[in-house]
Every structure is written in C-alpha cells, then in structure tokens.
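Please look through the structure shown here and ask, for each label attached to it, on what grounds the label is given.

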Amino acid sequence: MPFPLPQGSQVFLGGQAQALAAAGAEVTLFCYGRGAAAPWPGADATHGERSGPRRLFGTGRPKLAVMLRRTPRLLSPVPLRSGPSPGKLLADAALLATWLHAGLRRSFQVVLAHHAEAAWIATLARRMGGPPVVYVAHTLLGVELSGFAPSVLSRACDRLGTASDRALARRADALIALSRAAASELAPFARGPLEWIPPGWDPAPAPDAAEVRAACARHALPPGRFALYSGNLDAYQELPLLAAAAALAPEIPVVVATHESRRTPPAPLRVARLADAAAARARLFGAGAAVVPRRRPGGFPIKLLNAMEAARPIVAHAEVAEGLVHDQSAWLLPSGAGPLDWAAALRTVLQEPARSTHLGVGARRALETRHAWPALAARTLALCARVARSDGPPGGRAEGA
C-alpha cells in the first residue's frame, strides 16, 4: 500500500510498526514508492531511498528502529487512494520483487501482511522459500469489494471477494482479524491460528483551545455544535445515508472532513478539506459528535479511535463499532437504521449536553482499556513467535507489508 498516508489502514500500520519496535522487535516495512509526509500528529515521516532502509518515525520519545523499503516511485499507483485500480497491479508486482530481493539478502522470521494484496504477495513468496505469513485482515472483501464497483457488478464482486477471503485464510500460516465479525467469517477456513486483535492507539496531548477554535472558525463551524465525519468518500462509507439524515435535521451542521480533493460529498453535507493532520485533529476536538455511518462489518474504522481519543460522543452502527456499548461509550444504531433514526440520534447526542459528556468520557475510557498498544503488540508478537517456532529456528526479525 502507499505509505505514509492519512487513511485508516496506513495510520494503523504505522502505529503497529512503532508498537512492535517498542516491544523489542526489529521491524522492516515494505510499501509502495509513494506516500504523503507526516500523516498523523507527532510523526516524522522519512520517504527513504530505494537503495536502502531508513529510520521512519519519531513521536517525541526516542526514535524507534523501524526500517523502510520502498518500491521504485515510478511503479507506484497514482492517485493514492483506497480500492482496486490497474496501477496497483504493477505496484504489487514491484512490491513482490522488492520483497524477494530483500529476502535473499536478509533473513526474516515472519511476515505481517496487511490487506489482501500484501497477503497474496507474501503467500506467493512463501512458496518460493519465504518466511511464514501472518495475514492481518483489515476487512472482509466479501462485503467491501462491491463498494468500489458499479451496482450491476455488486454480486460478482461479493463472490470474488469472498473467494479471496477464504483462499487467503487457507494459505496464510496465521491470521489477525481486526474485528470479531472478520474472525467469525474467516475461522472456518483458517489452516493456522487466528486471533482477534483490534487496532491500538497511543493518545497524544489534546490541542490547545485556541487551536481548536481556529480550526472551527476556518470553516465557520460553531465549536461543540456540529457533527463530523472524517475519512474517504468511497461508497462503503454510506455518506448518502448521512446526507439524508442531515436534511432531516437542518439545525445541525454535518461536516465531512476529507483529504480527497477531486470528489465532493452529497448535499447538504458540508465539506472541509484536510490541509494537515494537526488541523484535522483540532477540528475533531471541536466537534460536538463524531459520526461513522458505514454498515459493512469486517474491519475496524480507525476514525473510531480518533474520536475516542478526543472524548467525542460517537454515533455509529453497532455492527461496526465493536467494543463500544450503547448509551455508555457510544450511541449505537442497528445496521438497518435509516435517515430518520440517524437524524434522531444526532439530535439526542448534540442537544443533550449531559449525555454527550457521558458518552465522550465512556469512549475515552474504552480507548484506554481496550486499545493500548503495548498489550496488543505483545499479543501480536506472541502469535508471530508461535508461527515462527512451528516453521523453524527463530530469526529475530519481523517484516510488514
């Protein structure tokens, strides 16, 4: 995948790499040759050279030994966005070649393969004598792939995605599912151990009040009185549902903050282009609620962790917001909820200050108790060690793609 980039998968990948390095692993991260600098607060992203690894991150603490290897820049897809594209076929071939070349010169203990494309590359290299593969399933293609295709192709995409999900479960030496829904779906087909390990988060100090006010004023937003969606505009995010709810609750500004510059969300949603990660984070801290309208289960939206860090009340579908509890740490709706339900939820959260505060405090508590990186990194390394021991003598290195 492209890295770094201000999208959920890339933010999770970077955080996991840091956490594994902090836990004592030697981590080398393989990615496409293009990325965007500093996609999250405190990051010091170095693009690195094609000829060798570079130290990647800094967060105010001593720098961690995460090494970066990129494919040739000219072979990376443009634009850098989620979903399948013809350019990714060439980029994936280049990633396979880069990985094989590095593997010939350096012994790795295990591969953490993020997303289906990386898992297919890693399992192919496995057949050529590569190390065992732990597939990190960010989502279920059987429910998400159709979100990138015309509706006439939806069923075919669902079948293709399901076939890919099951084939990778059979080929990988172990699996990490980010959600219980993905774990339940993949477990019958897994030939190795499978663990549900949600993404982690390392909370940073809150932006100061002046920074929050300035971020809101930039788009004429009243602090604490608007609902905010942050992320991409792909079909699986269900933004038309959010737009219909916003039309039924015109007194509540509903804002879409996105890094995308070529697409616009449906009216009456307001758009705020993300200039940088610091401004985006300040805007989230100024929101009255964070909304996640997607319904398709299988992944774990990293935007939930952003909202939990900011202690914002969350409105989301229960099937997607795993680990959160209705009216305690979020306001949860069933997957069949329509615009009327969403409009009522927005009014409940934004017009009842005591409930809003209660939900925000509960969300922050859930982040601290369920998503602390040290514990999740320890579980990840334990699974990697188990797979490596069953494959041969330990080598002491981990690789991510």
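The questions and answers below concern a predicted model, and they take up its chain, its cores, its salt bridges and its aromatic rings in turn.

Q: What makes up the protein chain, in helices and strands, and how much of the chain is buried?
A: The protein chain holds 13 helices and 13 strands, and buried residues account for 55% of its 401 residues. Its exposed surface comes to about 16,700 Å², with carbon and sulfur atoms supplying 57% of that area. Of the contacts between residues at least 6 apart in sequence, 67% join residues at least 24 apart.

Q: Which residues touch the most other members of the largest nonpolar core?
A: That core has 59 residues, and Val 134, Ile 176, Leu 304, Met 308, Ile 314 and Leu 324 touch the most other members. Helix α1 (residues 8–22) provides the largest share of this core, with 7 residues. A second, separate core of 31 residues includes Ala 102, Leu 141, Ala 183 and Trp 196. In soluble globular proteins, nonpolar side chains tend to be buried together.

Q: Which residues does Ile 314 touch, not counting residues up to four places away in sequence?
A: With those neighbours left out, Ile 314 touches Ala 290, Leu 304, Ala 307, Met 308, Leu 324, Ala 330, Trp 331 and Ala 363.

Q: Why is the pair of Asp 173 and Arg 126 called a salt bridge?
A: The closest N and O atoms of Asp 173 and Arg 126 are 3.1 Å apart, and because the cut-off for a side-chain nitrogen of Arg and a carboxyl oxygen of Asp is 4 Å, the pair qualifies. Asp 173 lies in the loop between α5 (154–171) and β5 (174–177) while Arg 126 lies in helix α3 (residues 115–127), so the pair ties together parts that are 47 residues apart in sequence.

Q: How do you know whether Asp 173 and Arg 126 are buried, partly exposed or exposed?
A: Asp 173 has a relative accessibility of 12%, and since buried means under 20%, Asp 173 counts as buried. Arg 126 has a relative accessible area of 23%, which falls between the limits of 20% and 50%, so Arg 126 is partly exposed.

Q: What makes Arg 126, Asp 173 and Arg 191 a network?
A: Arg 126, Asp 173 and Arg 191 are linked by salt bridges, for Asp 173 also meets Arg 191 in a salt bridge at 3.1 Å, N to O. Asp 173 lies in the loop between α5 and β5 and Arg 191 in the loop between α6 (180–186) and β6 (194–196), so this pair ties together parts that are 18 residues apart in sequence. Arg 191, at 53% relative accessibility, counts as exposed because exposed means over 50%.

Q: Why does the pair of Glu 195 and Arg 379 count as a salt bridge?
A: The closest N and O atoms of Glu 195 and Arg 379 are 3.6 Å apart, which is within 4 Å, so the pair meets the rule. Glu 195 lies in strand β6 and Arg 379 in helix α13 (residues 373–391), so the pair ties together parts that are 184 residues apart in sequence. Glu 195 is partly exposed at 24% relative accessibility, and Arg 379 is partly exposed at 33%. By this rule the count comes to 13 salt bridges.

Q: Why is the pair of Phe 30 and Trp 99 called edge-to-face?
A: The ring centres of Phe 30 and Trp 99 are 5.4 Å apart, within 6.5 Å, and their planes stand at 75 degrees, over 60, so the pair is edge-to-face. Phe 30 lies in strand β1 (residues 26–31) and Trp 99 in helix α2 (residues 86–105), so the pair ties together parts that are 69 residues apart in sequence. Both Phe 30 and Trp 99 are buried.

Q: What makes Phe 30, Trp 99 and Phe 108 a cluster?
A: Ring pairs link Phe 30, Trp 99 and Phe 108. The rings of Phe 30 and Phe 108 have centres 6.1 Å apart and planes at 75 degrees, so this pair is edge-to-face. Phe 108 counts as buried at 9% relative accessibility, because the limit is under 20%.

Key:
Residues numbered from 1 in each chain as written. Predicted model: local features only at pLDDT ≥ 70, side-chain atom pairs only at ≥ 80, totals over all residues. Heavy atoms only, no water. Core = buried A, V, L, I, M, F, W, Y, C linked by side-chain atoms within 4.5 Å. Buried < 20%, exposed > 50% of the residue type's maximum accessible area, 1.4 Å probe, protein only. Helix = DSSP H or I, 4+ residues; strand = E, 2+ residues; numbered from the N terminus. Contact = heavy atoms within 4.5 Å. Areas by Shrake-Rupley, 256 points an atom, 1.4 Å probe, with all protein chains shown as cover. Phe/Tyr/Trp six-rings, centres within 6.5 Å; stacked < 30°, edge-to-face > 60°.
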